[in-house]
Structures are given as structure tokens and as C-alpha cells.
Amino acid sequence: MPTITYEGPDQLARDGATYLAERISAAPGPRVSVGLAGGSTPAAVYRQLRQHDLNWERVDFWLSDERWVPWNHSESNGNMAYANLIAAVSARFLRPRWAPWLEPDESAAHYDAELRSLHPRDHAPDLVLLGMGDDGHTASLFPDTKALQVQGRWFVGNEVRSLKTWRLTATIPFLHRANQLVFLISGASKAEMVARVANGDDLPTTRVANGPAPTTFLIDRAAAAKL
Ligand code: 6PG
């Protein structure tokens, strides 16, 4: 499990952002496709990343997952990414649609088509950022949910009964197409799951990390405590 361990969340944010900035800059080709993680951990990383002087005009940001809420909702991953990164840089940002008359998988199917247009001629995502929940989920691929089994789609609606909600998520086959996957994981609450992923336990994070996409875990010492 390729891992870089930082002293704490502040160093993870600062030095992790530098790690990401270097990979965005080094990406070949005229445009760079970057999938953004949701949740709370990435916010501090994004605030550091936006300070880097990159050629942002060539970057296409999109979301590795989204909650089924309006764009301006406090729980929206897109809203978090916009507030902490996108609003400060001149990159493009592709977000899944939300409307009260839309079903989650209708929106996911439309986003799937948009992502395929963004990655023509089998162009792979250059970099996809992910987090990990206390239950070992990543993106919105939660344990025992249907999205874990989906083939043939890049993005799907996923009913998460444990949260009594719907999510939109990248699928495992799509994440496995990436040129690089980077997990951002912080805090003692993740230590047990980090150790289980390192042990190869069958968790959504393990299934994503152990595929063909080169994967690196950027974690802090608290999350690494049981390695
Ligand atoms: C989401 C995420 C999810 C997140 C993990 C970790 O929509 O919540 O994309 O996969 O990355 O739950 O979240 P924290 O960083 O808040 O611990």
C-alpha cells in the first residue's frame, strides 16, 4: 500500500497539496482531468492547492462522487470544492445536475455521458482524489451497495440505505481507468480501516486501491497509527 505519512492534518494539507500540484503540472497533454474527492478532509488540501501557481486553464475538474442535494446545499461536495478551490482558480468544473424532478440515476447517466465526452478516445483521468470513510467506503461506494457491482457505467446513482439517502458515484471500473488515484485520509477514526485496507480486507477502498490504477495514500500519523 504505497503511503506517504505526514505528521498531522496541517502538514497533510500543505505538503499533500504540493504533491498534487506537482502531478497536475506534470500531466501530459493539452488538458488535465482531475476528479475531486468529497467529504471534509479535502477542504484544507484544496485551500492549499489553490495557492499554487499552476496553468489552471488546462485543468478540467469533476467530482468522484456527489450527494443527492441541490448545488448550493451545505452537504454538496461540489459546493465544498467550489468554495475551497474552484472559485479561486481559472479551471473548468463539471458538476452533475440536480433538480427536484430528476432521479439520481438519471443525473448520474447524464454525468456519465459528459465524463465520456471529457475523456475522448479512451483518454484516462489523469488524477482522481478520493477519501475513505470509517466503514471503508470511498467515493460513494459504500459496503453492501449495488454500485460496487456495476460494470459498463462510469457513474451511477447509488442507494445508501445505511444513510437513508441516494448518492452519485464513480464506479470501480471508471476509477480503475485513472492514471493515478490519490487517497487523502486523516485522523485516528480512520486508523482501523487504514490497517484493514493495508491487510487486504475486502472493503470498497481496497477494491478501488488494488486495481490497475497506480494508487498512493496520503495520510497523517493518526490515521497511520495501526499500520
Ligand atoms: C463523501 C465522500 C466520501 C468521503 C469519506 C471521508 O461524499 O462523503 O466522497 O467518500 O471521502 O466519507 O470523508 P471525510 O473526509 O469527511 O472523513
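Biologist: Which residues surround the ligand, and how many are there?

Modeller: A residue counts as near a molecule if one of its heavy atoms lies within 4 Å of it. Here 15 residues surround the ligand, and the closest are S40, T41, D65, A139 and K190. Keep in mind that this is a predicted model, where local features need pLDDT of at least 70, side-chain atom pairs count only at pLDDT 80 or more, and totals for chains, interfaces and linings use all residues. Residues are numbered from 1 along each chain as its sequence is written, and side-chain values use heavy atoms, with hydrogens and water left out.

Biologist: What is the shell made of, by class?

Modeller: Ala, Val, Leu, Ile, Met, Phe, Trp, Tyr, Cys and Pro count as nonpolar, Asp, Glu, Lys and Arg as charged, and the others, Gly among them, as polar. Around this ligand you get nine polar, four charged and two nonpolar residues.

Biologist: Which side chain has an N or O atom 2.8 Å from a ligand oxygen?

Modeller: That's N77. For T41, a side-chain N or O atom sits 2.6 Å from an oxygen of the ligand, and for D65 the distance to a ligand oxygen is 2.6 Å. The protein buries 87% of the 410 Å² that the ligand exposes when taken alone (Shrake-Rupley method, 1.4 Å probe).

Biologist: And S76: buried or exposed?

Modeller: Buried means under 20% relative accessible area, exposed over 50% (1.4 Å probe, protein chains only). S76 has 2%, so it's buried. S76 lies in the loop between strand 4 (65-67) and helix 3 (77-84), and its side chain reaches the backbone nitrogen of N79 at 2.9 Å.

Notes: Polar contact = N/O pair within 3.5 Å; in protein donor to acceptor, adjacent residues only side chain to side chain. Helix = DSSP H or I, 4+ residues; strand = E, 2+ residues; numbered from the N terminus.
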